[in-house]
Amino acid sequence: MKLFKTLIITLFSVLAFSSFVQAETVTITGIAYGTTLTEELTATPDGNTLVRSTNHSIWVIDGLPEGFPNKVSANCQNMSLRSPEFANLGLTFNCTATDVDGDGFINVGGDPNPDWSGCFYKSVAGWGKYAGVTRSGKCAFAGNVTADGNVWALKFGGDFTTP
């Protein structure tokens, strides 16, 4: 009888603590292929240029846990300040990404460096399978796809943690 009680207590303990161990962090990499939809340039009194733009992109992501599609569709809004030489003086963006199931998340990020070397992103909210998921990492411009720069690619990578 004592052995039976010990087995039952052990079983309940394992089940109770198993829910605490389900979080998983993986390293992801990806590339976003985007199209600039709108761009508004405004000259500032000090000779800089305020750039506001919107874009649509498809993100192809490698390294995701099972159950997360490796492609999402994203709509982003960007704002940056550029010097007269068009060097970056600060960039912010927010993106709403949705997968084939209608689940998705919101990322925010930016780049404070003049040479565009400080690009970062972080998730701030999610719904469906992305509820409670945290994402953060680095990003970098990967080049233009078209000569006019309206179609472009962006590389990214970082941590993807499920609850």
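A disulfide joins Cys 119 to Cys 139, with an S to S distance of 1.9 Å, in what is a predicted model. Cys 119 lies in the loop between β5 and β6 and Cys 139 in strand β7, so the bond ties together parts that are 20 residues apart in sequence.

**Disulfides**
- The S-S torsion of Cys 119 and Cys 139 is about -80°, so this disulfide is left-handed.
- Cys 119 counts as buried at 7% relative accessibility, and Cys 139 is buried with a relative accessible area of 8%.
- Cys 76 and Cys 95 form a disulfide with their sulfur atoms 2.1 Å apart; Cys 76 belongs to strand β3 and Cys 95 to strand β4, 19 residues apart.
- The torsion about the S-S bond of Cys 76 and Cys 95 is about 115°, so that disulfide is right-handed.
- Both Cys 76 and Cys 95 are buried.

**Strand pairing**
- Strands β5 (residues 104–111) and β6 (residues 120–127) run antiparallel and are joined by seven bridges.
- Three bridges pair β6 with strand β7 (residues 134–144), also in the antiparallel sense.
- Lys 122 in β6 stands opposite Val 108 and opposite Ser 136 in β7.
- The hairpin of β6 and β7 has six residues between the strands, and in it Gly 128 takes a positive phi near 65°.

**Largest pocket**
- The largest pocket has a volume of about 880 Å³.
- Of its 35 lining residues, the closest to the centre are Asn 78, Leu 91, Phe 141, Trp 152 and Leu 154.
- Elements giving two or more residues to the lining include β3 (71–82), β4 (88–98), β5 and β7.
- The lining comprises 20 nonpolar, 10 polar and five charged residues.

Note on methods:
Residues numbered from 1 in each chain as written. Predicted model: local features only at pLDDT ≥ 70, side-chain atom pairs only at ≥ 80, totals over all residues. Heavy atoms only, no water. Pairing = 2+ DSSP bridges. Helix = DSSP H or I, 4+ residues; strand = E, 2+ residues; numbered from the N terminus. 1 Å grid on protein atoms, 1.4 Å probe; cavity = no way out; pocket = protein on both sides within 12 Å on 5 of 7 lines; lining within 4 Å. Points joined across faces, edges and corners; volume = space filled by probe spheres on them. Nonpolar A, V, L, I, M, F, W, Y, C, P; charged D, E, K, R; others polar. Disulfide = S-S within 2.5 Å. Buried < 20%, exposed > 50% of the residue type's maximum accessible area, 1.4 Å probe, protein only.
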